[in-house]
Amino acid sequence: MINLGLFIIRLVVGLLFVGHGAQKLFGWFGGYGLKGTGGWFDSIGIKPGVTMALFAGLAELIGGVLFTLGLLTPLAGIMIAGTMVMTIVKVHGANGIWSTSNGYEYNLTLLAVSIGIALSGPGRYSVDAFLF
């Protein structure tokens, strides 16, 4: 049952990150694409905005795909964790922990999940288990 649980966690969290990356990169799922996200990044001091939006979008998209598949899981976890650390530091940290105040509660949860899976392994139902 543990392996099924790890698979469900990877599937949900990984696919959500694929979606977030697609929002930044392509404007899908209600996102603003590189230009819009880049402009917002510039406005909050993450410069150069479009370049940093590209890096963030790629980290979320590629990290999400890898995390979902359980492929190179430690790398995937680091990619996801890195975007969450930046989100906490640059966007939500000043608002406190609770998401009801636009805080970092959700981001901290995703950070813990990504690091936890990266450290514990992706489980039996993963490409890593098949390859390694």
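Mentor: Let us start with N102, which has a relative accessible area of 43% and is therefore partly exposed. Please keep in mind that this is a predicted model.

Trainee: Where does F29 lie, and is F29 buried or exposed?

Mentor: F29 belongs to the loop between α1 (2–26) and α2. Its phi is about 55°, again a positive value although F29 is not a glycine. The relative accessibility of F29 is 62%, so it counts as exposed, the cut-off being over 50%.

Trainee: Which two residues does a cis peptide bond join?

Mentor: The bond between K47 and P48 is cis, with omega at about -5°. P48 is found in the loop between α2 (33–43) and α3 (49–69).

Trainee: Turning to charged pairs, how many salt bridges does the count come to, and which side chains meet?

Mentor: The count comes to one salt bridge. In it the side chains of K24 and E60 meet at 2.9 Å, N to O. Because K24 lies in helix α1 and E60 in helix α3, the pair ties together parts that are 36 residues apart in sequence.

Trainee: Is K24 buried or exposed, and what of E60?

Mentor: K24 has a relative accessibility of 15% and so counts as buried. E60 counts as buried as well, at 4%. The cut-off for buried is under 20%.

Trainee: How is the packing of two helices described?

Mentor: Two packed helices are described by the angle between their axes and the distance between the axes. The axes of α2 and α3 cross at roughly 115° and come within 7 Å. That angle makes α2 roughly perpendicular to α3. Their crossing is right-handed.

Trainee: Which residues of α2 and α3 meet?

Mentor: From α2 there are L34, K35, T37, G38, F41 and D42, and they meet G49, V50, M52, A53, L54 and A56 in α3. By class, the residues of this contact of α2 with α3 are seven nonpolar, three polar and two charged.

Trainee: At what angle do α3 and α4 pack?

Mentor: α3 and α4 pack at about 145°, with their axes 8 Å apart, and their crossing is left-handed. Among the contact residues are A56, E60 and F67 of α3 together with G77, I80 and T83 of α4. The contact of α3 with α4 has ten nonpolar, four polar and one charged residues.

Trainee: Finally, which residues does S114 touch, and is S114 buried or exposed?

Mentor: S114 is in helix α5 and is buried, with a relative accessible area of 0%. Leaving aside residues up to four places away in sequence, S114 touches F67, G77, I80 and A81. Of these, F67, G77 and I80 also take part in the contact of α3 with α4.

Definitions and conventions: Residues are numbered from 1 along each chain as its sequence is written. This is a predicted model: local features need pLDDT of at least 70, side-chain atom pairs count only at pLDDT 80 or more; totals for chains, interfaces and linings use all residues. Side-chain values use heavy atoms; hydrogens and water are left out. Helices (H or I, at least four residues) and strands (E, at least two) are DSSP runs, numbered from the N terminus. Buried means under 20% relative accessible area, exposed over 50%, partly exposed in between (1.4 Å probe, protein chains only). A salt bridge is a side-chain nitrogen of Lys or Arg within 4 Å of a carboxyl oxygen of Asp or Glu. Axes are lines fitted to C-alpha atoms, for helices over the stretch in contact, and angles run from 0 to 180 degrees between N-to-C directions. Angles under 35 degrees count as roughly parallel, over 145 as roughly antiparallel, 65 to 115 as roughly perpendicular and the rest as oblique. A crossing is left-handed if the near helix is turned anticlockwise from the far one by less than a right angle, and right-handed if clockwise. Contact means heavy atoms within 4.5 Å. Ala, Val, Leu, Ile, Met, Phe, Trp, Tyr, Cys and Pro count as nonpolar, Asp, Glu, Lys and Arg as charged, and the others, Gly among them, as polar.
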